[in-house]
Amino acid sequence: MLIKKTYGIDLGSSTIKVYSFLRNKTYLEKNMIASKGRKIIAVGNEAYDMFEKSPTDITVTSPMTFGMIANLELQEIVLYSMIRKIDHILGFGATMYFTVPLDMTAVEKRAYFHVANGHWLKKNRVFMVEAPIADAIAMGVNLEDPEGNMIVNIGAQSTEVSIITGGKIIISRKIPLGGRQMNESVCSEIRKRYNLQIGTRTAKRLKMVMGRLSDPKKEVRKVVGIDSVSGLPREEVISAYVVNAGIMNCVNEIGAQMKVFLERIPPQISYHIAKEGIFLTGGSTRIPHIDTYLASYTGYSFNLSDLYETSAVKGLEKIIHDRELRKWAQPITQRKL
């Protein structure tokens with residue numbers, strides 16, 4: 001029987017998502033931390049507010065890199081801080097369900113155990129659910145379907161493409177392209193065409209406001225950046241065409257990698273995927289018409305989820321509430337190497 005202190009946790013490269021069984025609610029916060037040497041200045045959304053604005057002696061980083069835990073101690077601090085905000089408890093004796101990437105080593109699995117059982121969080125039971133499985137459960141995909149389904153999650157730093165057949169992930173690939181690379185590509189296009197340097201936060205706002213892909217609009221926005229020649233602040237009017245060009249550089253590469261992936265799978269599975277459509281989710285799918293654009297690029301239809309970045313944690317919520325779905329959760333224990 002589940003105890004009340006149960007959490008479903010998705011440690012994203014951009015946003016950490018936590019479902020609280022006690023509150024029956026999902027909470028989102030930026031997975032960032034600001035530090036000055038060994039001193040923690042800010043965590044979560046407060047740290048993100050300092051991103052690209054802080055002085056040189058303050059570092060603002062994410063403890064996750066390409067969907068993997070890069071810094072155990074900092075990730076535990078972010079998670080502990082969030083749990084304290086949600087339930088005002090110390091984080092002892094809880095049950096935690098984590099979404100995890102595929103093909104992890106024993107050391108990488110142990111990292112999730114240590115995040116939940118380190119210095120601030122202790123005596124917690126840890127279960128892992130493979131991220132494509134959690135996405136599929138959230139989107140209502142039949143995991144036992146013997147003909148196969150394709151799940152694509154375009155996240156903040158990477159895109160995960162997986163085929164699920166008969167309750168197993170038979171093939172999967174991680175593409176190191178996501179929302180952050182799109183932001184950097186927009187920065188690059190603006191620097192190339194306007195001789196103007198802007199931050200990735202500004203590029204992200206332009207991407208979400210002006211990015212249209214299959215339905216480009218003739219619109220412009222004023223932005224302030226640093227002139228590449230003089231080094232002085234300058235205001236410039238940016239065209240939606242330039243923003244879309246930056247986004248398309250990454251989306252085209254994702255589409256090309258997906259086509260290569262589809263060529264590797266058996267034809268009977270490929271036929272079923274073409275008939276049912278590819279299931280698309282992830283925070284970066286908020287860009288309008290991205291499903292239509294990828295459909296025209298790959299020749300396959302897409303089923304776009306309206307859960308976006310919360311699909312994995314929504315899948316964990318269903319697993320926590322449904323005993324039959326808990327077979328997809330595997331325990332992680334402390335082991336000696």
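This is a predicted model: local features need pLDDT of at least 70, side-chain atom pairs count only at pLDDT 80 or more; totals for chains, interfaces and linings use all residues.

Guide: Axes are lines fitted to C-alpha atoms, for helices over the stretch in contact, and angles run from 0 to 180 degrees between N-to-C directions.

Helix 5 (residues 179–194) packs against helix 6 (residues 200–210) at an angle of about 100°, their axes lying 8 Å apart. Since angles of 65 to 115 degrees count as roughly perpendicular, helix 5 is roughly perpendicular to helix 6. From helix 5, Gly 179, Met 182, Asn 183, Glu 184, Val 186, Cys 187 and Ile 190 take part, and they meet Thr 200, Ala 203, Lys 204, Leu 206 and Lys 207 of helix 6. By class, this contact comprises six nonpolar, three polar and three charged residues.

Helix 6 also packs with helix 7, at an angle of about 105° and with 10 Å between the axes; these two helices are therefore roughly perpendicular as well. Here Leu 206, Lys 207 and Met 210 of helix 6 meet Ala 240, Val 243, Asn 244 and Ile 247 of helix 7. The residues of this second contact are five nonpolar, one polar and one charged.

At the start of helix 7, a side-chain oxygen of Ser 239 comes to within 3.1 Å of the backbone nitrogen of Tyr 241. Further along, helix 7 has a kink of about 30°, centred on Met 248. At 1.5 Å a residue, its 25 residues (240–264) should span 36 Å, and this agrees with the 36 Å between its end C-alpha atoms.

Definitions and conventions. Residues are numbered from 1 along each chain as its sequence is written. Side-chain values use heavy atoms; hydrogens and water are left out. Helices (H or I, at least four residues) and strands (E, at least two) are DSSP runs, numbered from the N terminus. The expected span of a helix is 1.5 Å times one less than its number of residues. The bend at a residue is the angle between axes fitted to the seven residues ending there and the seven starting there. A polar contact is a pair of N or O atoms within 3.5 Å; within protein, one must be able to donate a hydrogen and the other to accept it, and residues adjacent in sequence count only if both atoms are side-chain atoms. Angles under 35 degrees count as roughly parallel, over 145 as roughly antiparallel, 65 to 115 as roughly perpendicular and the rest as oblique. Contact means heavy atoms within 4.5 Å. Ala, Val, Leu, Ile, Met, Phe, Trp, Tyr, Cys and Pro count as nonpolar, Asp, Glu, Lys and Arg as charged, and the others, Gly among them, as polar.
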